[in-house]
Amino acid sequence: MSLPKSEKIWRNGKMLDWDAATIHVLSHVVSYGSALFEGVRCYSTPQGPAIFRLGDHMQRLLNSCKIYRIDAGYSRQQLETACRDVIRVNKLPSAYLRPIVLRGYGSMGVLPDNPIEVFIAAWDWGKYLGADALTEGVDVCVSSWRRAAPDTMPAMAKAASNYMNSQLIKMEAHANGYSEGIALDTDGLVSEGSGENIFVVNQGRLTTPPLSSSVLPGITRDCVQRIATELGIPVAEQTIPREALYIADEVFFCGTAAEVTPIRSVDRIPVGNGARGPLTAKIQKRFFELALGTAPDVYGWLTPVGEAVGV
């Protein structure tokens with residue numbers, strides 16, 4: 001299914017028509033996966049379109065670039081303005097944004113000597129794991145594919161190359177009738193989903209794998225941790241054995257695309273009573289109050305699109 005097209009895509013400081021935002025087939029990124037990217041949501045709020053945790057996403061993008069020795073050529077503030085411009089120019093009340101920094105057309109070979117291209121696209125993208133996933137939950141499996149060891153592919157960078165591993169996890173899950181897969185790390189401990197962080201609830205306590213388990217430092221993950229603290233729910237980062245998923249009271253995914261999605265079964269073993277649990281529902285409710293602007297923005301997570309100006 002093709003993406004729903006918007007009118008314009010931002011490329012290196014200029015707005016191009018959607019279909020004109022192309023690269024050469026021999027660009028470095030095509031052969032070697034040399035791209036860093038973000039996924040960002042813009043929500044329709046009572047005050048108008050607002051981008052959720054925009055500054056944090058742009059900082060993570062620049063951090064990813066630094067890890068891979070790429071100079072994006074734009075400051076965080078310039079990238080934030082460009083994201084606002086893309087929403088405004090396309091007249092989108094809500095959207096999913098995809099900023100991408102990539103190595104373009106130039107030399108060929110693993111050692112890069114290529115120009116850097118920066119794109120920002122936005123389109124209307126619905127619920128990532130299905131229309132009913134937020135209320136009904138999803139059925140998942142533990143994947144046979146593991147996350148890369150920390151000294152192979154840096155998990156703290158949101159890099160396109162990492163998502164080849166994610167594709168294997170997702171395709172295996174889909175082929176076996178599941179919505180999503182959960183990867184283990186190289187020690188056989190729970191890591192994350194193909195594109196989501198994971199939380200486990202037991203006896204009123206919330207746990208999530210540490211960054212050392214090859215997980216992306218998720219921005220929604222951070223939201224959940226802060227919301228849990230606000231609500232008086234104990235939350236900790238600690239290693240999680242696979243079998244803990246089977247005996248948990250509740251388990252849920254979180255991420256920009258997945259938002260806060262309950263997991264109702266793992267490997268066909270029901271989680272809790274096989275439905276969205278009360279603590280998950282409580283965190284999910286608070287998350288959407290903040291994201292949709294129906295509660296005061298006490299954390300400063302919303303950036304109104306407003307009257308942005310080009311860089």
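Biologist: At what angle do helix 6 and helix 8 pack?
Modeller: This is a predicted model. In it, helix 6 (residues 219-230) and helix 8 (residues 278-291) pack at an angle of about 110 degrees. Their axes are 10 Å apart.

Biologist: What does that make them, roughly parallel or roughly perpendicular?
Modeller: Roughly perpendicular. The range for that label is 65 to 115 degrees, so helix 6 and helix 8 get it.

Biologist: Left-handed or right-handed crossing?
Modeller: Helix 6 passes helix 8 in a right-handed crossing.

Biologist: Which residues make the contact?
Modeller: Helix 6 brings Thr220, Cys223, Val224, Ile227 and Glu230. Helix 8 brings Ile283, Arg286, Phe287 and Leu290. By class, that contact of helix 6 with helix 8 has six nonpolar residues, one polar and two charged.

Biologist: Now helix 2 and helix 3. What angle there?
Modeller: About 125 degrees between helix 2 and helix 3 (residues 76-89), with the axes 9 Å apart. That angle makes helix 2 oblique to helix 3. The crossing of helix 2 past helix 3 is right-handed.

Biologist: Which residues meet in helix 2 and helix 3?
Modeller: From helix 2, Leu54, Gly55, Asp56, Met58, Gln59, Leu61 and Leu62. They meet Arg76, Leu79, Glu80, Cys83 and Arg84 of helix 3.

Biologist: Switching to salt bridges. How many in the whole structure?
Modeller: A search of the whole structure gives 18.

Biologist: What does arginine 60 pair with?
Modeller: Arginine 60 forms a salt bridge with glutamate 38. The closest N and O atoms are 2.8 Å apart. The pair links distant parts of the chain, 22 residues apart. Arginine 60 is in helix 2 (residues 54-67). Glutamate 38 sits in the loop between strand 3 (35-37) and strand 4 (40-45).

Biologist: Is arginine 60 buried or exposed, and which is glutamate 38?
Modeller: Arginine 60 is buried, at 9% relative accessible area. Glutamate 38 is buried too, at 0%. The cut-off for buried is under 20%.

Biologist: And what does aspartate 139 bridge to?
Modeller: Arginine 264, with the closest N and O atoms 3.0 Å apart. Aspartate 139 lies in strand 8 (residues 138-142) and arginine 264 in strand 15 (residues 259-266), so the bridge ties together parts 125 residues apart in sequence. Aspartate 139 is partly exposed at 24% relative accessibility. Arginine 264 is partly exposed at 28%.

Biologist: Which residues do shared partners join into one network?
Modeller: Arg53, Asp56, Asp222 and Arg226. Salt bridges that share partners connect them.

Biologist: What about lysine 8, which side chain does it meet?
Modeller: Lysine 8 meets aspartate 17 in a salt bridge, 2.6 Å from N to O. Aspartate 17 is partly exposed, with a relative accessible area of 43%.

Biologist: Backbone next. What is phi at asparagine 12?
Modeller: Near 50 degrees, a positive value in a residue other than glycine. Asparagine 12 is in the loop between strand 1 (8-11) and strand 2 (14-17). At 30% relative accessibility, asparagine 12 counts as partly exposed.

Biologist: And phi at aspartate 267, what value, and where does the residue lie?
Modeller: Phi of aspartate 267 is near 55 degrees, again positive in a residue other than glycine. Aspartate 267 lies in the loop between strand 15 and strand 16 (269-270).

Definitions and conventions:
Residues numbered from 1 in each chain as written. Predicted model: local features only at pLDDT ≥ 70, side-chain atom pairs only at ≥ 80, totals over all residues. Heavy atoms only, no water. Axes fitted to C-alpha atoms, helices over the stretch in contact; angles between N-to-C directions. Helix = DSSP H or I, 4+ residues; strand = E, 2+ residues; numbered from the N terminus. Parallel < 35°, antiparallel > 145°, perpendicular 65-115°, else oblique. Left-handed = near helix turned anticlockwise from the far one by under 90°. Contact = heavy atoms within 4.5 Å. Nonpolar A, V, L, I, M, F, W, Y, C, P; charged D, E, K, R; others polar. Salt bridge = Lys/Arg side-chain N within 4 Å of Asp/Glu carboxyl O. Buried < 20%, exposed > 50% of the residue type's maximum accessible area, 1.4 Å probe, protein only.
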